[in-house]
Every structure is written in C-alpha cells, then in structure tokens.
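These are my notebook entries on a two-chain model. I set down what I looked up, entry by entry.

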Amino acid sequence: MSRTILRGGIALTLALSSAALPSARQKSDPLRIPFEVYSLPNGLTSILSLDRSTPTVTVSMWYHVGSKNELPGRTGFAHLFEHVMFTGSGHAAYGIHDKLTNGVGGSNNGTTDNDRTQYYESVPSNYLESSLWLEADRLGFLLDTLDSAKLNAQRDIVKNERRQGVDNVPYGRARELLSEALYPKGHPYSWDVIGSMADLSAASEEDVKNFFRQYYTPNNAYLAIVGDFDPAQARTWIRKYFGDLPRGKAIARPSIPPVTLDAERRVVYEDRVQVPRLYLLWPTVGVKHGDETALGILGSILSGPRTARLTRALVYDQQAAAQVSARQDSNEDVGEFGVTITPRPGHTLTELEGAADGIVEKLKTEGPTREELQKATASEELAFLTAIQSNLGKAGRLSSGAGYHGDPGYFKKDYQQTLAVTAADVTRVANTYLTKNRVVLSIVPTGKPEMAAKPSTTTK
Amino acid sequence: MTRTALASILAATLVASFPALASPRHDDRGQQPALDRSKVPPPGPAPQLRVPAWTKATLTNGAELIVSEKHDLPLVAFSITFQGGADQVEPADKRGVAAVTAAMMLEGTKTRDGEALSNALQLLGTSVQTGIGGESGTIRFTSTAAKFEPTLAILADILENPTFPAAALERQRGQRLVALQQARNQGPAILNRVFPRVLYGTAHPFGQATDEQTIKAITREDLVALHSSYFTPSHALVTVVGDVSAAAAKAAVQRALTSWAAPEQAEHAAHETFKYPALPQAKETTIYLVDRPGAAQSSVAIGLPGPPRDTADYYPLAVMNMMLGGHIQSRLSANIREEKGYSYGVRSSFDFGHGPGAFRAGGEIVGEKTDLALIEFVKELKGIEGSKPITDEELAMTKDALSQRLLGTFGSVAGTENAITTIWLQGLPEDYYQQYAKRIAAITREDVLRVAKQYVDLNHLAIVVVGDRKSIEDGLKATGIAPIVVLDATGAPAGSL
C-alpha cells in the first residue's frame, strides 16, 4: 500500500503489539488469523479477531475512500478530511480522542492513500468501549460540531505536512511528478495523496460536508477489533454505538481501467539536490489482478539483497550507483513498477539508465533462475508472522481483504499466490509490463539540466 | 480553542454535561432505550501488566545469556548486545569507524564471501543485522523457529570470522560519501549535526560528527582492530526470545558460539575505562542560526546537556517530559501544532544513557512562523517551570499515558528482546517493569516543577535554527529572546572555513 500519509507528527515508540491466541495456535498452519465477520443491517462490516498475548486491543475503522475519489480542484482533500476527523464530533469534544488513547498509554492515528482511509485506536483492553464510542460518534455526528476554525487549523497542519514531506525535502516532488506523467490528465490516480497547496487552500466546509455524507457511511466502512476482549460484549457494544447510524446511499464506484502509455515520456526536474537521481516508472496492475504477485517477486529479483540483479550490477560490480530500488506498488485499480537509481560521483544518469535497461532486458530474455525465485519467496513466511504479531498488523490485513476482495481472510490467498509464482510468470510479467513505453524522470541539481538522462541511441 | 480550555472541556465531558440528543434514536431493532451518547463510556477494570519470565545463565566464554520463551507464534528473536559504543571507542578523527566496522562484517567471512552470506541468509528467509550506536552495539536476527539454528550458525561466522575485504571498504566508503553529500541539503540532517556540536563542543564525543574527512581517514586496519577489541564476550549479553525452550536455546547458543572466546591478552575494552570528558562551560542562552536559503521550513532544536539514565530524577523527568512534549496533546504539540498550526509535529525528549545526553525540544516549523513558534516554545518551557499550573487531570493523564504504555510492550519477540536488553544496558533492576507504574504513580506536581527548573535552565539554552536566514533573521531578532550567532552547516562560526 503505497503513499500512505500519517496524521501523527509524534512518533512515540509504542510497542503495542501481540500475537495469536495461544490456544488457537496450530503449529501445522502458523499462517492463520482467527476471525469472525458479520454485517449490521445498516451495512457496517464488523470483523472480530481475538489475541490475548497482551492486555491491549485495537479498534480499526477502514473506509473505502481515498484520494482517487477527490473532485477536480480538490486534490489532497481525502487526507485533509482525515485530519478533520480528529477534531471532535457531536458528543466527543475536541481533545477527548487523544486523551482516551494517547492519554491512557495507547495511540491513535489515521492514514490515507489513493483508495482507502484507515483510522485506529490501540489502547489498554479496558478502553475498548470508549474507542468504539469515539469511532461511532465521528461516523454519525462529525458535522454537528464542524466549523471553519477547525478546518483551517487542520489545513495549516496538512500544509506543514506537505512542506515537511514534499517541498522541503530533496527529491520530495518526485512522487507527484511521476503520477502526473504516468496517468492521463484528470485520471483519479494522476495526483498525489498530499494534494497541491492551492487545492488545500480552496477546500471549504461545504466540501467536508459533501464528502462526509457521500463516503462516511456504515455501508462504506469496515470495523475491525483485534486483541484481548470478550466477543459477546464487543458485539453488544457494536450494536449499541453503531446500530442506529443510518445507512448511506450506495457508493458509485466507476471502474478505473489500468492505464497504458503509447510512448516513452521523459521528464526533467531541477531541484535543490546535491546528487541527481533517475526514476523509471511503468504502468502495471492493481491488487485484484493476477499478475500483481509476480510483479512483486520481479521487484525482489531486481533489487534488495546484494545478489539481486540491479543491486549486484550497479552497486556492487560496476559501483556506478550508491543506491538502487525496484518495486511494484499496488493500488486497488492500478499499479506501478518503479526503479530508482542514485548515481555515485563520476557516473551519469544516462549511463545508469542504459545499464539498468540492459539488465532488465537480459532478465526478460533468460528469466530468473530457480534459486532467484526461491530466495525471493523464502522470506514470505517470516514477513507474515512478524507483521501479525501486532493487533494493528492483523486489523490492516483483515480490513483490506474485506474491502478490496470481499474476504477478510484474503491474506491467505495472497500468500499462497505469492508462493505459487513461477519463473515463467516472472518472465511473462517482465515482458508484458516493462516495455519502452514508460516514464523516465531525472531530478537534477538546479541549473544543471545537462545532468538529465538522455534517450539511448542503442536499441532497447 | 486553547490548551487550558481543553482541560476544562474534558472535565465537563466526564460529568456528562453535554446536551442530550435532540431527537433520541433507537437501535435498528428498537430493543434498547435511546442511547445517551454524551456519556463517555468509563473504562473497565484495569488489566494487569504481564511481564514474561526469563532465565539467566553465563556461557563458558563469559557472556551472559537470557532466554525468554514465547510460544504463540513460531518466531525467534536472537541478539548479542555489547555494552559500549561509538561515542566511547572512536577517535575524534575517525568518527564513523564503528558503524563501518559493523557494516563490513556482512561483507564476507573466511569461508563465505559477501554474496555467499547473502545467499545463505536469503534462502533461510531472514537477514542478520549488525550495528554500533553511541553507547552500545548489536548483532541480531529474527527468524522462524525452524530456521533459528541454521541462522545462528551463520551469525556466529559473521561475528567471529569477518575478513573486511579492502575492495568492499572502498565501496562502502563511496556510498557513505554520497549519503553525506545528500545530507547537505536536508534541514533535519544539518540540525542533527549542529545542535550537538553547539551543546558539547568538538572535544566531547557527543559534539563530534562523522563527515567526509573522518570517513576518508578510516583504514582496513582500523576495522580489524576495532572488531577484535569490541566484539568480545566479556561485555556481551546474548538473548533468545521466542518459540524455543530455554534448555534448547542454551544448548544451541553454546554449540554455535563454542569458538567465540575472549582475546588472550586480557585487555580491557575501551568503554570499560572510558570517562566522558567534562562539559564545556554553559553559555548564556543564544540563538544559533544556520542559513539554508529558500527553505520552506525551519528545523528547530532547543536544549542543553541533560542527566544520565541513572539519575535519581529519572521518573519525575519522564513525567515532566511527557507532559511537555511526549505526545500529541502534550503542551508543546497542543499549542504549536494543534492550536497554532505552525508545525506538523513538535516534541521534546531526554536522550538518556551513560553520558550527559541532551534535553531537546523542537520540530520542523513553517518558515514564516519561526519567530512566533520560538516565542511559544519558550512560553511552554516557562510554563512547565511554574507559570502554567499543572492540573490534577493533566498530571493523572500524563502518568497513565506513561505507565500504561507498557501493557503492549511484550507482544512481539523483538519488543520483548528490546525490553530485556534495555534492563541490562542501563543497569536497571530485574523487576523494573513490574515496579514502573508504582514509581510513576508516586510523582507529584512538586516533583515535576522541581526537575523542570533544575534540568531545563532557561538562562543557558542553545536554540539552533536551520532555515532561510534572509526571511527569518529579523523576526528572530525582534523576539528579543536571545542574541543571534550565525553558524555554517557544520556548526562552525559562519565564514570561518
């Protein structure tokens, strides 16, 4: 899940994490998150998962709305709205939310990406009811206390977030430059989650109201409770706090087909950087497409450990690059495969583009070895087990499974698909997607456009 | 909405003084009475902290071993932690040598080159991490339970037999030089170099930095020497946490580390005899300005050298800092982020360790608000020293926030390992976690005020601002908070290089 933006500026090192219920453990099948799922008449999906390893609980609310649902001239709005969700609601005054979470040794946060917005409270287990009360109140009664002062305060914070993450950081604008170049103008994925300063300035109270009424409805929400709690009690509280919230209108979800480019697009951007950087980006597929897992494996074969192909060649053998990465980023409807290369002194972006292309072409022709494939998947079990030690890690998997695939247990299918990827799959997706029709972005020091990568004259 | 008004709003809500719903709603089946949402649901009975048990042993080579069994998932976290770190063992002209040594251990052993090591670990689905920080070092991994022993065998090889190939050192050096070059355009990176230098001076290890010169000065011989004196069992703690029995863990560790012995000449490791030099004379409060032309935000740090971790005032300091800048509704964040909107995040902290780690408050501040934010920082520092009274509710919440954080600490194998290692590194009592809430609960308002005044000396603060000098200097001057001294991006007086 790429491009996630956090609300929290303070990174407390809370180790609010846990692991599966000991009695539920099955040695033969450690890849297991026990859960139950049901829906309220108003359409709210509720997912309950027990984990008694620590006396804590996480409440997660996952809304199927993100930056792709924003209107023209309102980029960044979904994320700004996420901030507004922390400013109090009809019965929960501003500040209570943090006091009932941070103030009791827990934490809260919200994250927004292109497709969804997730909120959570991780708290001592005896604060489950107040967390449900908080989430229900802002789902039901956010607009009761909305005013322009609240919106403006959060607007300022979000603009600071943009300054801190985009405008004041070397290479910080790469993300939005790449999205602009990859997608047609007006395409729902053509702008970055953080949005533009002008659009953030333009967002109005009326926008907040309309967005809230359209997308913050029980039938567009997935509630997950993970941790140490009594399920019967939890079900009662869910009904008590969420049961009478009215169902909203059905959400129109226009189908967004993956994009293709009909030619290479080369972009040069001058920035206050000391060292230039090269970005290659190809349009691929999203989380529902069968090729997504093979594209992920392709990324692991190209970069990461020192034996990965791009890393070995550019960083170790030629020592032409200080850093290389290659990875698939999957959104709900579309995906992107990106390569990023930072050169070492004395090496040009042009040279590195040519070298990287040569390595990718070789892989497309000969395919990965059996050992490369084995290495790329060997860490999957450990990565999964490590992630589900925390309540929040489990809640994220269960919710996105339910939201994107209609199945909270989708993580299992995903895992099995990853292990089932063959060398032929990797070769095929490399040939299908890593074509000459791509975006090539050079970020170069101000005043030095000549450092940009020049189109290769040799055949690709 | 001000911070102080906030506290009264909470009190009001707790006694349910909010108006009830105008039109009571019923649940979907009409079975329950109308819900009064204005009542904050009270917490249930407080859960008990569950600290896992662990067993201790001493290995034949002198290293200590701690094992904590945790069987909920088939995972094992293994670590060897070393007392002492870069600030204690590095010469001033070779800062960075410890980090480079640790990284270079993964570049090959007597029987496996760097690629072979990487391949073997990838096939086990895991990776070994090495590192040396300011006051401690580590070599560690997390694996599935089934891969624990084979991964441990590779870790032992990395620990005992690294070859430090010269070509790999040149590659590592080149990569680090690029990273240092990139950091020259990053406000936070400049601040992290200048702030300690201003506080401690370059004669103190805390004030020194890894830079192009020190990285270029490091030789292969330095790495070999540092490895053989530092990575020894005499000052090491081995921990195993996870899905393995204590007996099996001990046997596996003994087997894998059988040839890991103390060096023959019983040389004391440098950190054992190390004493931090005296701090430089504290200077009157001064604003140190580093120009970063065109910066959209100013990177700000305000502080001074603080006490070591073993100070008797640790608990009141923890409460004071949490109240001041430890979370999103703490005083600094509630004011400067939430109310004024000058920043995406501000905080404060004490860098507790064996040395005089810094107290530091600050954050990334929108450029044109640098002066106004600084005024608020100073106001809040004065506030915590008495000008803004601490309410009962604020004190109680701060203490809850601190002590109840522990509840989730032991959920993961790495979190448990870190908790155990912290006790050993900082010399804390065995029942530290069991006693923590009691210690925090005992802290009074007077304790908080006393340590705030004692440790945050408003007359001797260093205020470091990295930002666009042209647009912020006049405003900073006009605050009248302190005189301004302009420094370059290394923390030296501007124009002196």
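**Entry 1: strand β5 of chain B**

I began with strand β4 (residues 129–132) of chain B, which is joined to β5(B) by 4 bridges, the two strands running antiparallel. Helices (H or I, at least four residues) and strands (E, at least two) are DSSP runs, numbered from the N terminus. Two strands pair if DSSP finds at least two bridges between them. I note for the whole notebook that residues are numbered from 1 along each chain as its sequence is written, with chains lettered from A and ligands numbered from 1 in the order in which they are written. The model is predicted: local features need pLDDT of at least 70, side-chain atom pairs count only at pLDDT 80 or more, and totals for chains, interfaces and linings use all residues.

I found B:Thr130 opposite B:Ile139 in β5(B). β4(B) and β5(B) make a hairpin with 3 residues between them. I then looked up β3(B), which runs antiparallel to β5(B) and is joined to it by 9 bridges. Here B:Val76 has B:Ser143 of β5(B) as its bridge partner.

Is β5(B) enclosed or open? I recorded that β5(B) is largely enclosed by the rest of the structure, because 8 of its 9 residues are buried. A residue is buried if 20 or more other C-beta atoms lie within 10 Å of its own, exposed if 12 or fewer, and partly exposed in between, with C-beta atoms placed from the backbone.

**Entry 2: the two domains of chain B**

I looked up the domain assignment of chain B, which gives domain 1 (55–262) and domain 2 (286–487). Such bounds come from an automatic or database domain assignment. The C-alpha centres of domain 1 and domain 2 of chain B are 30 Å apart. I noted 29 residues of domain 1 of chain B in contact with 26 residues of domain 2 of chain B. The elements that give two or more residues to this side of domain 1 are β2 (64–69), β3 (75–83), β5 (136–144), α7 (187–200) and β6 (236–242) of chain B. α7(B) gives the most, with 10 residues. By class, I recorded 16 nonpolar, 10 polar and 3 charged residues on the side of domain 1 of chain B that touches domain 2 of chain B.

Two residues are in contact if their C-beta atoms, placed from the backbone, lie within 7 Å. Ala, Val, Leu, Ile, Met, Phe, Trp, Tyr, Cys and Pro count as nonpolar, Asp, Glu, Lys and Arg as charged, and the others, Gly among them, as polar.

**Entry 3: chain A against chain B**

I recorded that the contact takes 77 residues from chain A and 80 residues from chain B. On the side of chain A that touches chain B, at least two residues each come from α2 (96–99), α3 (128–141), α4 (148–167), α8 (231–242), α12 (370–378) and α13 (380–387) of chain A. Which helix gives the most to that side? I found that α4(A) does, with 8 residues. The side of chain A that touches chain B has 30 nonpolar, 29 polar and 18 charged residues.

**Entry 4: local points in chain A**

I checked helix α1 (residues 77–84) of chain A and found 8 of its 8 residues buried. Among them are A:Phe77, A:His79 and A:Glu82.

β2 (residues 36–39) and β3 (residues 45–50) of chain A run antiparallel and are joined by 4 bridges. A:Ser39 has A:Thr45 in β3(A) as its bridge partner. The two strands form a hairpin with 5 residues between them, and A:Gly43 in the turn has a positive phi of about 100°.

I located A:His289 in the loop between β9 (277–285) and α9 (292–302) of chain A. A:His289 counts as partly exposed because it has 15 C-beta neighbours inside 10 Å. The C-alpha atoms of A:His289 and A:Val334, 45 residues apart along the chain, are separated by 8.9 Å.

Most residues other than glycine have a negative phi. I noted that A:Gln319 has a positive phi, near 50°. A:Gln319 is in the loop between α10 (309–317) and β10 (321–330) of chain A. B:Phe164 also has a positive phi, of about 50°. I placed B:Phe164 in the loop between α5 (148–160) and α6 (166–183) of chain B. B:Phe164 is partly exposed, with 19 other C-beta atoms within 10 Å.

**Entry 5: confidence**

Chain A averages a pLDDT of 91, and 93% of the residues score at least 70. pLDDT is the predictor's confidence in each residue, from 0 to 100. I marked residues 8–27 of chain A, over which pLDDT stays under 50. Where pLDDT is low, the predicted coordinates should not be read in detail.
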